[in-house]
Amino acid sequence: MPTASPISRVNDFVIRFANVNGSGSASANEMFARAVMRMGVPVAPRNIFPSNIQGLPTWYEVRVSEAGHLGARGGTDLMVAMNPQTFDRDIAGVEPGGYLFYDSTKPLPPSKFREDITVIGVPLTAICNREYTDARERQLFKNIIYIGALTALLDIDVKVVEQLIGEQYKGKDKLIEPNIKALHIGRDYAVLNLQCPLGIKLKRANAVGDRIFIEGNSAAALGALFGGATVCAWYPITPSSSLADAFTRHCAKFRVDSESKRAKYAIIQAEDELASIGIVIGAGWNGARAFTATSGPGISLMQEFIGLAYFAEIPAVLFDVQRAGPSTGMPTRTQQCDITSCVYASHGDTKHVLLFPDDPSEAFDFSAQAFDLADRLQTPIFVMLDLDIGMNHHLAKPLSWDDARKYDRGKVTTAAELDAGKDFGRYLDVDGDGIPYRTYPGTHPTKGSFFTRGTSHDRYARYTEEGAPYVDNMQRLIRKLETAKDMVPRPLIATAGRPTEYGVLYFGSTAPAMDEAIHMIEARGHALDRMRIRAFPFHSSVNSFVADHDFVFVVEQNRDAQLRSLIVNECGIDPVRLVPILHYDGTPITARFIAKAIGDHLDKLTVKPMKVTS
Amino acid sequence: MTYLAKPKFHHPELPKNALGYTHRDYEGTVSTLCAGCGHDSITAAIIQACFELSIEPHRVAKISGIGCSSKTPTYFLGNSHGFNSVHGRMPAVLTGANLANRDLIYLGVSGDGDSASIGLGQFAHCLRRGVNMVYIVENNGVYGLTKGQFSATADRGSKSKRGFINTDNSIDLVAMALQLGASFVARSFSGDKEQLVPIIKAAIAHRGAAFIDIISPCVAFNNHAGSTKSFDFVREHNEAVSRLDFISSRMPIEVKYAPGTVEVVQQHDGSKLALRKLAADYELHDRTAALGFLQHHAAKGQIVTGLLYVEQEAEDLHAHLRTVNTPLNALGEKELCPGHAALDKFNASLR
């Protein structure tokens, strides 16, 4: 018996699978997560993988939370330790009173285990060697066998897993039966030899609702498709490649003309990120909706072109699926570390529009909206995803679309308007909102053509090095950004149950952890108003939110407090009033981390001086 | 001086083309390049070619990178949209523009610094992809705007104006274009309008990636003794393989040629190229032979010019991608958005 009493919880635990990359574990583990969802219990899986094809350690963490907490929690209640390389540290990560599941084929000395956890051994290798002769089968079915054992240990309805196997191998039907057999081999072993279920277990619930299970990159790609993107140019880079892959897949499904079988899209895997953004800008200039998907290093490479699109005012959409930098950094780890490099991308005075979705559903919405904003504002729009949102499956609100919605193609002067005598100046601020009119190339035989350039130009797009027209143009670009403030998604505010002097600002993938942490902070006796920032340039409500509180915590996943700097810089706020809460080790931020960091800070603020006794 | 408008009036008797335009309608603003610059002759040749082809000026998109050559699109086709992009990146911008609207004519203008140095990668990849375009390099072997540094097309052993000898090997863009799969490859000389104009016309009529390397002497920095890109040197070492007559699909072949001296090449749009062979052993449809011919003559210090290779049945990038005939920029919600019902079905597949 373990020295700590075993954890006993229903529909509320974290299980972590430790595997070897390339061993086929990913699909088995994902099936496990889907099984939890099918039992009506909210689930949040996270894939922690190396920048490697085969051989290095990989983990798959599944958070099960009937209460609906979908952020990373921290700690592991059940470790499925399938990787000898990481065995020792995997055991060390188990919560006191937790469980260890391991392959007991080869006996291990007691010193390898801990006394305060429950150890469950299943001789997986021995079972596989007995049942299968082919080496690859032994490996692949081992994964299904441990899933089978877990169905018994965690009280998962085996029918649910059987159905998932059927769905997964639909079309490859001869694989269904052997997988189901492997599932039962594992389950039967557990039922016969182990005490089932454990203290942690599942129970059918009805807490998933109509939510869907989707990766952010796939949702963002579908948003681009619904938003009318026809040109995609990209260069492979983790963690954004799956966005372009998903767009390719979605287009093959939704964008092939039913009669001619021809494509209503063009996807180019370019030679590098410079060409990717160049193609996007060429297409945007010529009136198509175009995007690229990349990550931090790609953004660094695209800098010169981004400045061109800003200055020449060409619509473009960039998806930055952020990963840990600087340099090559940690390519398979998550961060929110490209805020500064995107907002001020390129040399000279530039400022760009950034959108910060918090999950796949919002990624879909913002993705489609980005194309309207790009056309309306005639400038690059950055959709800031990260590895956590992009590459993990999330339980998210169903994607929605209003069929009455029309694309906003922005201010485009037509041949008829030119014939009617409209004065066309490409950079003329006709409406006072800083946004000029453009013509598509080929509009009119004699009117409305202009020369697009990255050199300084006057209101009629003519080259000039005179100071006055240059300043006039730069001022208009700032006016345009002011206009953008009321067009981009507004921040969302959640006020505390009682008046408080303290607030917190956060954005993107921090949202689920923050929403959970707020309960933990409240349990410590503190009240906190929350604002989730969803775009830059900041809406005026960001200024007033900070003004309304003595201190505002700014929670983000980078070292340098990039969002906080942006608020200080762009809103003219005294930095003392913004307290940075920073998490940047490459793992997704957790509720426990936020609650402790903010809770400890607030504890200090609320200390009352002791009474002096004489 | 930042911008010079050209006077609009012209002689009433100026010849008009099939659309009723005079060549003045194909001009741009006044050139700000040096007097005598080879690039201005190329500008004149482009104007002439477009005028003679009766192209509607606004159906052309002219795209360039950075440098003296990349400035020239302002000097021709004033009624066309132009895009002076960033250094070495014309090919990507042109590729994107072409994807957006397959119906326009794409004229990419670049230089030897723009294409052979900073933009060598993009040069290569847009040719590989078969983007339907005319890609012109105005090649003077030197960086003019930054005052006379060697470019990557400067021949080894040639001398700069300041007296330095180039010790690096040169890049032959024509040889590269042949190797990379360009389906129309030519080299010409800015000082030979008779040769250049028909080549530009033929390149415009060609469907696929058409590449023209035009040796264009820099009068300010590369026209001295010891340069291999000077007017004198190119005239003395020019080895023209053919003379080309371009015959548009609307025109019957009027010129009579002596049998056996002319090869007629049919292009996909019905136009014909009549080639008067000057080098008897030259084979126009053989990449390998063209490469060998080029290298053989280069070793002798000769500059091979003329239409060097053409693939009659070339396919372009849109054919590879199987895109619809309607330009992508003309598709709206109806064609592009699957709508609410399809999305609901998609949602259902994710539960």
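Two strands count as paired if DSSP finds at least two bridges between them. Keep that cut-off at hand for the exercises below, and remember that this is a predicted model.

**Exercise 1. How do β17(A) and strand β2 of chain B pair, and over how many bridges?**

*Solution.* Start with the general idea: strands of a sheet pair through backbone hydrogen bonds, either parallel or antiparallel. Next, look at β17 (451-453) of chain A and at β2 (residues 81-84) of chain B. These two strands run in the parallel sense and share three bridges.

**Exercise 2. Which elements of chain A supply at least two residues each of the side that touches chain B?**

*Solution.* Begin with the overall contact: 58 residues of chain A meet 50 residues of chain B. Then go through the elements, which are β9 (212-215), β10 (231-234), α9 (273-285), α10 (296-312) and β17 (451-453) of chain A. Of these, α9(A) gives the largest share, nine residues. Finally, sort this side of chain A by residue type: 30 are nonpolar, 16 polar and twelve charged.

**Exercise 3. What is the strand order in the open sheet of seven strands in chain A, and which strands are at its edges?**

*Solution.* Follow the sheet across: β11-β10-β12-β13-β15-β14-β21 of chain A, with mixed pairing. The ends of this order are β11 (266-269) and β21 (535-536) of chain A, edge strands that each pair on one side only. Now zoom in on β14 (residues 353-355) and β15 (residues 380-386) of chain A, which are parallel and joined by three bridges. Within this pair, A:Val353 has A:Ile381 of β15(A) as its bridge partner.

**Exercise 4. Why do the buried residues of α3(A) line one face of the helix?**

*Solution.* First list the buried residues of α3 (residues 124-131) of chain A: A:Leu124, A:Ile127 and A:Cys128. Viewed down the axis of α3(A), they fall within an arc of 95 degrees, so they line one face of the helix. Their packing partners in chain A are β6 (94-103), β7 (118-122), α4 (135-153) and α6 (176-193).

**Exercise 5. Why is chain B as compact as a globular protein of its length?**

*Solution.* Count its elements first: chain B has twelve helices and 13 strands. Its radius of gyration is 21 Å, close to the 20 Å that the globule rule gives for 351 residues, so chain B is as compact as a globular protein of that length.

Conventions
Residues are numbered from 1 along each chain as its sequence is written. Chains are lettered from A and ligands numbered from 1 in the order in which they are written. This is a predicted model: local features need pLDDT of at least 70, side-chain atom pairs count only at pLDDT 80 or more; totals for chains, interfaces and linings use all residues. Helices (H or I, at least four residues) and strands (E, at least two) are DSSP runs, numbered from the N terminus. The radius of gyration is taken over C-alpha atoms; the globule rule is 2.2 Å times the number of residues to the power 0.38. A residue is buried if 20 or more other C-beta atoms lie within 10 Å of its own, exposed if 12 or fewer, and partly exposed in between; C-beta atoms are placed from the backbone. The arc is that of the directions from the helix axis to the C-beta atoms. Two residues are in contact if their C-beta atoms, placed from the backbone, lie within 7 Å. Ala, Val, Leu, Ile, Met, Phe, Trp, Tyr, Cys and Pro count as nonpolar, Asp, Glu, Lys and Arg as charged, and the others, Gly among them, as polar.
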